[in-house]
Amino acid sequence: MRFLLIEDNAELAHSVRDRLALDGHAVDHAAILSDAEDHLSVATYDLILLDIMLPDGDGRDFLERHRKERRDTPVIVMTARSAVSDRVALLDTGADDYITKPFDFAELEARVRAVLRRRRGAAQPKISYGDLEFDPLGATVTVSGDARDLRNRELRLLEILMTAPDRIHSKSHLCDRLFSASEAVSDNAIEVYVARVRKKLDGSTARIETVRGVGYRLTGG
Amino acid sequence: MLGSIGEDRVFYRILVESETVTGYPDLPVPASPPSGLEPVYYTAEFQDVFVRIAAVERAVLVAGMPKTVSILVAQTQSAKDAIVAQMTNRAALLGIGFFAVAAALSILTARSVLRPVNDLAEAVGRRGPHDLRPVVRSVPRELQPMVRALNGFIGRLQGALTRTETFIAEAAHHIRTPLATLRTQAETALRLTEDDAMRARIRSMIRSVDDSARSASQLLDHAAVVYRTDQRTEESLDLGSLIARVCDRFRPAADLRDIVIATQLPTQPVTIVADLLLLESALRNLIDNAVKYSHVDGQIDVRLEQDAGRAVITVMDRGRGLDGAQKADLTDRFRRGANVGDVVGSGLGLTIVREVARAQSGRFDLTERDGGGACAVLSLPLG
């Protein structure tokens with residue numbers, strides 16, 4: 001996905017860009033609102049991440065302008081304010097969602113998904129591998145057209161494996177994608193989820209293979 | 001005695017030289033004899049009453065000899081006293097009447113003069129807690145300095161409040177932005193490390209960052225709740241849709257751990273009169289607690305019911321429960337249960353819920369749930 005990050009703190013902006021790049025996202029950074037307008041005039045983005053306090057204006061004014069000009073790129077506000085009244089006011093000004101600094105990237109990703117699901121509905125490309133079909137936004141999985149009921153973490157595990165099939169994913173990598181960084185889990189917890197997904201994909205040609213001492217790989221597509 | 005005028009008696013005495021010719025010989029003569037043709041007037045006591053006497057002297061020839069003839073005429077004072085008494089009474093009546101009229105008029109005047117002051121005081125008293133607009137009522141010229149002073153004061157107060165709010169917002173910004181950088185860098189480091197021991201250290205760092213951020217925001221929330229308890233803006237709101245909104249807000253975070261937030265809300269609106277921001281704070285803390293302490297793959301049940309004029313909100317989880325701790329202990333500031341383990345928290349969440357329940361004349365109860373977990377019940381009077 002392509003993000004526009006509007007954030008005046010250079011260090012935070014760079015770290016967010018590096019972190020999102022690890023998940024394969026492209027991030028353009030604007031330190032001030034006028035830069036952001038320049039970016040928006042030449043490129044299209046899947047999502048805008050907006051800070052509220054910016055040197056050349058208030059992020060809420062940007063939001064108002066954004067909505068008035070009927071630009072439909074969804075906006076998630078990154079707020080450093082935690083006062084309840086600020087949070088209520090943010091959604092009133094037309095932000096799709098907000099996240100309070102410091103934020104968890106797993107939660108940010110979940111919120112991005114929720115926003116895109118609301119905005120785009122089912123008009124998203126599906127991922128398929130063998131007889132498996134996965135709809136990331138609709139959160140459904142079918143095996144040869146037969147719907148399987150997967151829970152959220154199982155879905156995300158399958159998505160990670162399906163977006164890079166036939167490749168070995170280390171336990172720690174899967175763990176980082178699946179669990180919030182603040183959660184006290186051991187990397188072995190991933191085994192539980194692999195077992196569950198295997199069970200739910202019963203009958204598919206695709207299967208999750210254990211590569212002993214390294215990680216897991218989706219094969220058979 | 002010469003006849004009478006009204007009740008008064010009149011006496012006379014005529015003297016030739018100093019010898020009484022006729023009349024009352026006791027009638028006193030003037031202390032100094034009149035000079036010329038003008039009479040002298042004086043008051044003297046005669047027959048036990050005060051009389052007013054007029055005396056004249058004339059020189060006449062008696063048998064060729066000049067003789068001084070004095071004529072004294074005296075009158076008692078009863079008529080004059082009566083007239084004076086009557087006049088005094090009338091004057092007194094007139095005085096009292098005038099006083100009464102003047103008093104009534106002055107009360108009316110005072111009222112009409114003070115009415116703008118009272119109106120002004122009432123208009124200022126009626127204002128909501130956040131209404132810091134200047135007073136623009138038309139007032140008599142004499143009151144204008146007061147209104148100017150009041151507006152000046154309102155302006156300064158507003159300035160002070162705005163500065164405080166801005167300060168808190170900026171303080172939060174300045175704390176949270178570097179924390180966000182720290183957390184992001186730590187997450188990136190976690191992603192790039194395979195070493196188990198190092199990964200455990202980084203996770204512990206991230207939890208500490210979350211802990212500080214959470215404490216900061218709950219301290220601010222707690223301060224806001226305490227401030228708003230005195231300054232709340234009551235409005236009529238539908239509790240059902242508020243609960244639904246707060247639950248929706250938590251779903252992405254709960255989904256991450258496969259925790260389901262199940263709601264049972266009435267289809268009809270449940271209206272209460274309360275401060276929206278206070279209630280939102282309480283609900284958020286209740287659900288946040290339930291999500292935090294729930295096990296992975298768990299379920300949180302959120303219910304809203306009406307019972308005997310009260311709206312009853314129940315939030316139940318299947319988490320680690322209270323472990324024998326009492327509600328009174330857990331709602332103390334900075335007090336956390338003995339079984340919190342590694343769950344991040346500041347110990348202010350339940351304190352906030354309790355403060356809100358108190359401010360909205362509600363009740364807050366926290367008990368063990370049958371079969372494990374905690375059951376939090378917040379009940380509020382229906383509006």
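This is a predicted model: local features need pLDDT of at least 70, side-chain atom pairs count only at pLDDT 80 or more; totals for chains, interfaces and linings use all residues.
Colleague: Is H6(A) largely enclosed by the rest of the structure or largely exposed, and how many of its residues are buried?
Modeller: The buried residues run from Asn152(A), Arg153(A), Glu154(A), Leu155(A), Arg156(A), Leu157(A) and Leu158(A) to Leu161(A) and Met162(A). H6(A) is therefore largely enclosed by the rest of the structure, and the number of buried residues is nine of the twelve.

Colleague: Which helix supplies the largest share of the side of chain B that touches chain A?
Modeller: The contact involves 37 residues of chain A and 38 residues of chain B. On chain B, at least two residues each come from helix H2 (144-192), helix H3 (196-230), helix H4 (239-256) and helix H5 (276-293). This side of chain B comprises 15 nonpolar, eight polar and 15 charged residues. The largest share, 15 residues, belongs to H2(B).

Colleague: How many nonpolar, polar and charged residues make up the contact of H4(B) with H5(B)?
Modeller: The two axes come within 10 Å and cross at roughly 35 degrees, in a right-handed crossing. Among the residues that meet are Leu242(B), Val246(B) and Phe250(B) in H4(B), and Glu280(B), Arg284(B) and Ile287(B) in H5(B). By class, the contact has two charged residues, no polar residues and, as nonpolar residues, eleven.

Technical notes
Residues are numbered from 1 along each chain as its sequence is written. Chains are lettered from A and ligands numbered from 1 in the order in which they are written. A residue is buried if 20 or more other C-beta atoms lie within 10 Å of its own, exposed if 12 or fewer, and partly exposed in between; C-beta atoms are placed from the backbone. Helices (H or I, at least four residues) and strands (E, at least two) are DSSP runs, numbered from the N terminus. Two residues are in contact if their C-beta atoms, placed from the backbone, lie within 7 Å. Ala, Val, Leu, Ile, Met, Phe, Trp, Tyr, Cys and Pro count as nonpolar, Asp, Glu, Lys and Arg as charged, and the others, Gly among them, as polar. Axes are lines fitted to C-alpha atoms, for helices over the stretch in contact, and angles run from 0 to 180 degrees between N-to-C directions. A crossing is left-handed if the near helix is turned anticlockwise from the far one by less than a right angle, and right-handed if clockwise.
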